[in-house]
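The structure is shown first, and the description follows.

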Amino acid sequence: MRYDYLIVGAGLYGAVFAHELKKAGSSCLVIDKREHIAGNVYTENMSGINVHMYGAHIFHTSNKRVWQYVGQFAEFNNYINSPVAVYGDELYNLPFNMNTFHGLWGVKTPEQARRKLDEEIASARELLGDGEPANLEQQALRLVGRDIYEKLIKGYTEKQWGRDCTDLPAFIIRRLPVRFTYDNNYFNDRYQGIPMGGYTGIVEKLLDGIPVRLGCSYKEFMAECEAKGSEADTFAKILYTGMIDEFYDYRFGELEYRTLKFETEMLTGVENYQGNAVVNYTERQIPYTRIIEHKHFEYAKSPDTVITKEYPGKWSKGDEPYYPVNDERNSALYEKYKELADSERDIIFGGRLGQYKYYDMDKVIEAALDAADKEIEGLM
Ligand SMILES: Cc1cc2nc3c(=O)[nH]c(=O)nc-3n(C[C@H](O)[C@H](O)[C@H](O)COP(=O)(O)OP(=O)(O)OC[C@H]3O[C@@H](n4cnc5c(N)ncnc54)[C@H](O)[C@@H]3O)c2cc1C
């Protein structure tokens, strides 16, 4: 059969793009190397609890178009992300706000908190002097002082990056927002929530009526097409949401990522394990960065619970690439691949792997809608 588009990747980017192109009258075939659709937003129902299989996913956006768009495919609940951080026997609210300051210093009013924070920053700056921060530790100390840095930033950041904060560049932390209100809402966006029934349902609806082949990588698919010769399906264009360096057979070298290992456990007969969906562990000695208790995302009524421990790790080829490492080397390497990509007439690169970019879900939907609009304009 002759299709208008081969879409590589059934994640949010690929699914939104396919949905829009199908609506505009184009024919699409979607393939994914995984055995399921939805990419990293994939959720699986266990004992009545929708488990976020690739890490906690909280939908938040200030973009009304995107909020209305996802609202067509799911009803969102009123979940507000309010993580807590455990440091030894101590427990703090995040993001840094009056609750955090009260826990750290016993202060009660914004004025007391500001004064204490200013003192912390002043004594850190006195020790560090006036020059540019040489590393992430110095940057964090200048922004929030020693207490917050040591209890809530240092260990967590070192686990995330697998390096000491003194060996990490200062630019990783540009700002550390603090709030002088008793507000534990992690995000500042206008809209926030979790799709009732899980994210997989959204992608199922997006891909409704579109043929999808799972467990099939782009390379395998192309080899199959070649073997079939004139019998093979053909495509006018390709949307590729896999790794851009892999697409080009790593001809300029490999882009680097950070990976994560998820350890998911069903705790039968435990109704409520930690009382919150997201609990961060900020000490370096504890090997995981956070524990997710999935039932709290959708206020599930199950007598059991499911928790996931999240372990960051060094990425090597073959591991799941979760976070791009946007340092100088990788950014320069990506630019070389992007130059090749820009010269392609019939291949579009999109999504977090195709564009080597950390994208929140709302941003990935926005980017896919923009790319689809551009294609549809070209069809007219
Ligand atoms: C741990 C974690 C937590 C996150 N939390 C949040 C959050 O709270 N809120 C938020 O807004 N965003 C969050 N995100 C971001 C969110 O996951 C992404 O925005 C979104 O998944 C990106 O969609 P995508 O389609 O670009 O990529 P993906 O979801 O990765 O989809 C790409 C698909 O392509 C497939 N593929 C890749 N290569 C090939 C190939 N060669 N052949 C065939 N198929 C291929 C993959 O199997 C995958 O299914 C989080 C991300 C991570 C890693």
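## Domains and basis of the model

The centres of domain 1 and domain 2, taken over C-alpha atoms, are separated by 38 Å. Domain 1 consists of 2-77 + 192-254 + 325-379, and domain 2 of 97-172; these bounds come from an automatic or database domain assignment.

The model is predicted: local features need pLDDT of at least 70, side-chain atom pairs count only at pLDDT 80 or more, and totals for chains, interfaces and linings use all residues. Residues are numbered from 1 along each chain as its sequence is written.

## The five-stranded sheet

Five strands form an open sheet in the order β9-β2-β1-β10-β16, with parallel pairing. Because β9 (212-214) and β16 stand at the edges with a single partner strand each, one side of each has no neighbour in the sheet. From one strand to the next, the twist averages 20 degrees. Helices (H or I, at least four residues) and strands (E, at least two) are DSSP runs, numbered from the N terminus; two strands pair if DSSP finds at least two bridges between them.

Strand β1 (residues 2-8) runs parallel to strand β10 (residues 234-240), and six bridges join them. Leucine 6 stands opposite isoleucine 238 of β10, and valine 8 has tyrosine 240 of β10 as its bridge partner. On to strand β16 (residues 347-349), β10 pairs in the parallel sense over three bridges. Here tyrosine 240 has phenylalanine 349 of β16 as its bridge partner.

Axes are lines fitted to C-alpha atoms, for helices over the stretch in contact, and angles run from 0 to 180 degrees between N-to-C directions.

Strands β13 (residues 290-293) and β14 (residues 305-314) pair in the antiparallel sense over four bridges, and glutamate 293 stands opposite isoleucine 307 in β14. β6 and β7 also run antiparallel, joined by four bridges, with alanine 85 opposite tyrosine 92 in β7. These two strands form a hairpin with two residues between them, and glycine 88 in the turn has a positive phi of about 60 degrees.

## Backbone features in loops

Leucine 94 and proline 95 are joined by a cis peptide bond, with omega about -10 degrees. Proline 95 lies in the loop between β7 and α3 (98-105).

Serine 47, a residue other than glycine, has a positive phi, near 50 degrees. Its loop runs between β3 (43-46) and β4 (49-52).

## Packing of α2 on α11

Two packed helices are described by the angle between their axes and the distance between the axes. The axes of helix α2 (residues 64-71) and helix α11 (residues 361-379) come within 10 Å and cross at roughly 90 degrees. The two helices are therefore roughly perpendicular to each other, a class that covers 65 to 115 degrees, whereas angles under 35 count as roughly parallel, over 145 as roughly antiparallel and the rest as oblique.

Val66, Tyr69 and Val70 of α2 make the contact with Asp362, Ile365, Glu366 and Leu369 of α11. Two residues are in contact if their C-beta atoms, placed from the backbone, lie within 7 Å. The contact residues comprise five nonpolar, no polar and two charged. Ala, Val, Leu, Ile, Met, Phe, Trp, Tyr, Cys and Pro count as nonpolar, Asp, Glu, Lys and Arg as charged, and the others, Gly among them, as polar.

## Surroundings of the ligand

The ligand is surrounded by 34 residues, of which the closest are Gly11, Gly39, Gly55, Gly242 and Gly351. A residue is near a molecule or strand if its C-beta atom, placed from the backbone, lies within 6 Å of it.

At least two residues of this shell are supplied by each of α1 (12-23), β2 (28-32), α10 (351-354) and α11. The shell divides into 17 nonpolar, eleven polar and six charged residues.
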